[in-house]
Amino acid sequence: MKSGILSYHSLAPVVLEEAADLLEDIHDMYDETDSYLFESFPTWTEGKVVFWKHRALSEAYILTPIRVELGRDEGLGDKETVRCFEKLVKSQKPSHPDSWREYIKYVGTSHFHYLAGGATQPSDGISATVSLARRCRDLYKRALSSVKKAGQTESQATSIHKWLGMGSLYFREYDMALVDLCREYVDFEKAVGSVESISNAISVVRGKLSGLDP
């Protein structure tokens, strides 16, 4: 450190190669776990949800950024991350609201897109902003159509968190998560939507939350 400025030396080629190999090993371990667990226990829904949440978050915030910095993106961009989130939200029916909230959070904060060639550049321009808003809106609509209404009888989908314990890799109580998803949807439309889209969001949310005690 000189004059209060922190600087880093470039990594040696052999270190970069070892890091790239480690990334491949991690992907291979995820693939092997996927094959073993879900071929051996095809009906283990909670296992699928925990696995895909862990893999999606790891891909989104650890593996893909490192791969990009190493110049090993190979044109994948965030396709692998999106694939993992899609697996997450489809691994349980009805979907858990927190699965969708994690997915939408990733998409909504993806102002930096991973580009082939190892560069990370900010999206700019009106078209990029509109595209991002449309993508988030589509996810909110999918989410609200795939989650159940609040206040319904507790099922396996709503009680799994008791088996795994609060604060685990799994999710919070279903209705609590649903309220947050609905609030975030309405807030999103108030921020970027039209009067009509706000009205539509409020109508959908009221339908989903109508079973809650006042």
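The legends below describe close-up views of a predicted model.

Residues are numbered from 1 along each chain as its sequence is written, and side-chain values use heavy atoms, with hydrogens and water left out. Because the model is predicted, local features need pLDDT of at least 70 and side-chain atom pairs count only at pLDDT 80 or more, whereas totals for chains, interfaces and linings use all residues.

**View A. The largest nonpolar core.** The core holds 38 residues, and Phe85, Trp100, Tyr103, Val107 and Leu181 touch the most other members. A nonpolar core is a set of buried Ala, Val, Leu, Ile, Met, Phe, Trp, Tyr and Cys residues joined through side-chain atoms within 4.5 Å. Buried means under 20% relative accessible area, exposed over 50%, and partly exposed in between, with a 1.4 Å probe and protein chains only. Two or more core residues come from each of α1 (13-40), α2 (45-69), α3 (79-90), α4 (97-108), α5 (126-146), α7 (174-192) and α8 (195-209). Helices (H or I, at least four residues) and strands (E, at least two) are DSSP runs, numbered from the N terminus.

**View B. Surroundings of Phe85 and its aromatic cluster.** With residues up to four places away in sequence not counted, Phe85 is in contact (heavy atoms within 4.5 Å) with Ala56, Leu57, Ala60, Glu102, Tyr103 and Tyr106. One aromatic cluster is formed by Tyr61, Phe85, Trp100, Tyr103 and Tyr106.

**View C. Aromatic pairs.** Rings of Phe, Tyr and Trp (its six-membered ring) pair if their centres lie within 6.5 Å; planes under 30 degrees apart count as stacked, over 60 as edge-to-face and the rest as tilted. This rule gives 11 aromatic pairs. For Phe41 and Trp44, the ring centres are 6.2 Å apart and the planes stand at 75°, so this pair is edge-to-face. Phe41 is partly exposed, at 40% relative accessibility, and Trp44 is partly exposed at 30%. The rings of Tyr61 and Tyr106 are also edge-to-face, because their centres are 6.3 Å apart and their planes are at 75°. Since Tyr61 lies in helix α2 and Tyr106 in helix α4, the pair ties together parts that are 45 residues apart in sequence. Tyr61 is partly exposed, with a relative accessible area of 42%, whereas Tyr106 is buried at 5%.

**View D. Lysines over aromatic rings.** A charge sits over a ring if NZ of Lys or CZ of Arg is within 6 Å of the ring centre and within 35 degrees of the ring normal. The charged end of Lys48 lies over the ring of Phe38, at 6.0 Å from its centre. Lys148 is placed over the face of Tyr174, 5.1 Å from the ring centre.

**View E. Helix α5 and its buried side.** The 21 residues of α5 should span 30 Å at 1.5 Å a residue, and the end C-alpha atoms are 30 Å apart, which agrees; the expected span is 1.5 Å times one less than the number of residues. Leu132, Ala133, Cys136, Arg137, Leu139, Tyr140, Ala143 and Leu144 are the buried residues of α5. They cover an arc of only 165° around the axis, so they lie on the same side of α5; the arc is that of the directions from the helix axis to the C-beta atoms. The buried residues of α5 pack against α4, α7 and α8. Exposed residues Ser127 and Ser145 are carried on the face of α5 turned away from its buried side.

View F. Lys93 and Pro94 are joined by a cis peptide bond, with omega about -5°. Pro94 lies in the loop between α3 and α4.
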